[in-house]
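Here is my note on the model you sent. Please read it with the coordinates open.

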Amino acid sequence: MLLHHIHFFSISMVFIMSIFFPNSIILKDKAGSPYVTCRAQRRLLWILCSHSGGRQRKLNPSRLAGCQHVWRLRGHRSLVSVSCSGAAHTGNRQQLFPKTTPRMDDCAQQRPLFTFGVIADIQYADIDDGLNYTRTRRRYYRSSLQLLRNAQESWSESAVKPEFILQLGDIIDGFNKGHDASDRALDTVLRQLGSSPVEVHHVWGNHEFYNFSRSSLLSSKLNSSLLGDRSRARAGSDIYAYHFSPFPGFTFVVLDAYDVSLLGREESSEEYRSALSLIKQHNNNQDLNCPPVLEGLQQRFTMFNGGFSKDQLDWLDSVLSSADEKQQRVTIVSHLPVHPCSTTPICLAWNYDELLAVISSHSSVVCVMAGHDHDGGYYRDKDTGVHHLTLEGVIETPPDDNAFGTVSVYEDRMVLKGSGRIPNREFLFSRCHSDTDDRAG
Ligand SMILES: [Zn+2]
């Protein structure tokens, strides 16, 4: 009887918390208990948890390490994460404290149609740690290989083996070029990736072009358009874009975000000249790696970004028309993010708006996955229902953490199970936005 009263009191407290703190989140473990409700206040996160025994404790995150229950809290700048019985929730306030509880467990009992692994910005180099361009983030060049190894171990041990891995670009760092170590570094990473039999689809990022010319990339192992007979490359040009279907009804399109770029193009080529003319319309700096402005979308016109040619957009349009007719689900993969709300503007593709226009004219696209912005991001387009995911980069992930994900695909959704600093997310396939869809992400 006493336990019953205590349990009722616990539930009441949670209810009261949710009224007074609308940003609170309430999680429940598989057995239905304990409950937890949290509230972010600047960088401080207070947690009120009631365990099955009915005891309630108000804890400062710094003291939470002593809590020997299923909860784990980690603060990182404005990001916080909560994990409950293996389901981690990480994000900013808006992501972490949705109006309703995420339904990650709904799919736990259901077997997926297929799964795949995702990983971004490994940027391996056999050099000591350093800092990023703006000297605000640490980069762990050498240990990124160990983090890749962690990802592969996890994928190979998973109950449903991934059908393929998406490597979202920047597989080795540009520093390798200066050390004359490009081939050696690429061999090291590809040997690691090749240690498991699963096929890997490679996306090309700016660091690929810092190390290799476009023509050498096309004849290298990073050209995965040649994989099997389920891949269809865009024929007749050096644009690295193709699509493949790992399962009936599902198509993945790999895009070339540096098709229009100063990177990877011969200075004497027409492509280089037109890319230079385009960037100079927006950026007057001597160093074109410096953004033209300090704020806003114009920041994207830097040399480390690029865009999609009309040829490639027309090809994508035709691939999506075919997918529409067959009522397929399409996931587009690009090194550069293409939605301004899914990334910092400095990482956006130059003509992201033209790509979004193509996407919005087709019903088949459900998701766009990108890398490049090492902090990651997520946004669901309210008009199209398309999920735009930017995956957190391995290179800026400390050696004792992780940054990879496993995506389980179902008839009506994809579920991303993130590891380390990558949050769990759910991508419903419905095109129209509704209140229910707020759960996504
Ligand atoms: Zn990049």
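The points below go from the overall make-up to single residues.

1. Basis. This is a predicted model, in which local features need pLDDT of at least 70, side-chain atom pairs count only at pLDDT 80 or more, and totals for chains, interfaces and linings use all residues. Residues are numbered from 1 along each chain as its sequence is written.

2. Overall make-up. The protein has ten helices and 22 strands. Helices (H or I, at least four residues) and strands (E, at least two) are DSSP runs, numbered from the N terminus. Of the 441 residues, 44% are buried. A residue is buried if 20 or more other C-beta atoms lie within 10 Å of its own, exposed if 12 or fewer, and partly exposed in between, with C-beta atoms placed from the backbone. Take the contacts between residues at least 6 apart in sequence: 61% of them join residues at least 24 apart. Contact here requires C-beta atoms, placed from the backbone, within 7 Å.

3. The open sheet. Six strands make up an open sheet, ordered β12-β11-β8-β20-β21-β22, with mixed pairing. Two strands pair if DSSP finds at least two bridges between them. β12 (199–202) and β22 (425–428) are the edge strands, each pairing on one side only. From one strand to the next, the twist averages 20 degrees. β11 (residues 164–167) pairs with β12 in the parallel sense, over four bridges. Within that pair, Leu-166 is opposite His-201 of β12.

4. Helix α3 on the sheet. α3 (residues 144–157) lies across β8 (114–119), β20 (403–409) and β21 (413–420). Its direction is at about 175 degrees to β8. Axes are lines fitted to C-alpha atoms, for helices over the stretch in contact, and angles run from 0 to 180 degrees between N-to-C directions.

5. α3 against α5. The axes of these two helices come within 10 Å and cross at roughly 15 degrees. α3 is therefore roughly parallel to α5; the term covers angles under 35 degrees. The contact uses Leu-145, Leu-148 and Arg-149 from α3, and Thr-188, Val-189 and Gln-192 from α5.

6. α9 against α10. α9 (residues 310–325) packs on α10 (residues 352–360) at an angle of about 20 degrees, with the axes 10 Å apart. That angle makes α9 roughly parallel to α10. Leu-313, Leu-316, Asp-317 and Leu-320 of α9 meet Glu-354, Leu-355 and Val-358 of α10.

7. Strand β15. Five of the five residues in β15 (residues 250–254) are buried. Phe-250, Phe-252 and Val-254 are buried on one side, Thr-251 and Val-253 on the other. In a regular strand, side chains alternate between the two faces of the sheet. β14 (residues 242–247) runs antiparallel to β15, joined by four bridges. His-243 is opposite Val-253 in β15. β14 and β15 form a hairpin with two residues between them, and Gly-249 in the turn has a positive phi of about 90 degrees. β16 (residues 329–334) runs parallel to β15, with five bridges. There, Val-254 stands opposite Val-333 of β16.

8. The core. Which residues touch the most other members of the largest nonpolar core? They are Ile-119, Leu-168, Val-333 and Met-369, in a core of 88 residues. A nonpolar core is a set of buried Ala, Val, Leu, Ile, Met, Phe, Trp, Tyr and Cys residues joined through C-beta atoms within 7 Å. β17 (residues 365–370) supplies the largest share of this core, six residues. Two loop residues. Ala-181 lies in the loop between α4 (175–178) and α5 (182–193). With 19 C-beta neighbours inside 10 Å, Ala-181 counts as partly exposed. Setting aside neighbours within four places in sequence, Ala-181 is in contact with Asp-126 and Asn-176. Gln-110 sits in the loop between α2 (93–96) and β8. Is Gln-110 buried or exposed? Gln-110 counts as exposed, because it has 11 C-beta neighbours inside 10 Å. The C-alpha atoms of Gln-110 and Tyr-410 are separated by 8.6 Å, although the two are 300 residues apart along the chain.

Terms used:
Two residues are in contact if their C-beta atoms, placed from the backbone, lie within 7 Å. Angles under 35 degrees count as roughly parallel, over 145 as roughly antiparallel, 65 to 115 as roughly perpendicular and the rest as oblique.
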